[in-house]
Amino acid sequence: MAHLEHVNITVSDPRRTAQMLSDLFGWHTRWEGAAKAAGFTVHVGTDNSYVAVYSGADPAQTVPKADASYETRGGLNHIGVVVDDLDAVEAKVRALGFEPHSHADYEPGRRFYFHDADQVEIEVISYA
């Protein structure tokens, strides 16, 4: 059976984004180094899957408005991360200065979303 190994997203500061993801989800940096177009990438996640956070040679690349991806063909709408303790992660999200929104209880779990410093939307889900 196939499984998703990674996604690759463009951010303004790969190290900052990788640290935020590590702080929230207990992930670790698997690799970092030079990347396409004189850029830099950090692979952050677990031993089985990761998010590649990339920045090109010009970190001042266009920053989209929140939710613009839903109007852009091929846009990244959000990244979904399953956690054991939704309330604990929400407290960490708030402590990092991000604002959780769109809370929902649904069958079979609970969730909320937040936008990071680059307006990447992250959905946090718990099935516990």
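User: Which residue is the bridge partner of His43 in β4?

Analyst: Please note that this is a predicted model. As a general idea, strands of a sheet pair through backbone hydrogen bonds, in either a parallel or an antiparallel sense. Here, the partner of His43 in β4 is Ala52. The two strands β3 and β4 pair in the antiparallel sense, over six bridges.

User: In what order do the four strands of the open sheet stand?

Analyst: The order is β1-β4-β3-β2, with mixed pairing. β1 (6-10) and β2 (28-35) each have a single partner strand and stand at the edges, so one side of each lacks a neighbour in the sheet. On average, neighbouring strands of this sheet are turned by 20° against each other, direction ignored.

User: Which strands does α1 lie across?

Analyst: α1 lies across β2, β3 and β4, and runs at about 5° to β3.

User: Which residues touch the most other members of the largest nonpolar core?

Analyst: That core has 24 residues, and those touching the most other members are Leu21, Phe25, Val53, Phe114, Ile122 and Val124. Two or more residues each come from α1 (14-25), β3 (39-45), β4 (50-55), β5 (79-82), α2 (86-95), β7 (109-115) and β8 (121-126). α1 gives the most, with five residues.

User: What does Val53 touch, not counting residues up to four places away in sequence?

Analyst: With contact taken as heavy atoms within 4.5 Å, Val53 touches Ile9, Val11, Pro14, Thr17, Ala18, Leu21, Phe40, Thr41 and Val42 on that count.

Methods: Residues are numbered from 1 along each chain as its sequence is written. This is a predicted model: local features need pLDDT of at least 70, side-chain atom pairs count only at pLDDT 80 or more; totals for chains, interfaces and linings use all residues. Side-chain values use heavy atoms; hydrogens and water are left out. A nonpolar core is a set of buried Ala, Val, Leu, Ile, Met, Phe, Trp, Tyr and Cys residues joined through side-chain atoms within 4.5 Å. Buried means under 20% relative accessible area, exposed over 50%, partly exposed in between (1.4 Å probe, protein chains only). Two strands pair if DSSP finds at least two bridges between them. Axes are lines fitted to C-alpha atoms, for helices over the stretch in contact, and angles run from 0 to 180 degrees between N-to-C directions.
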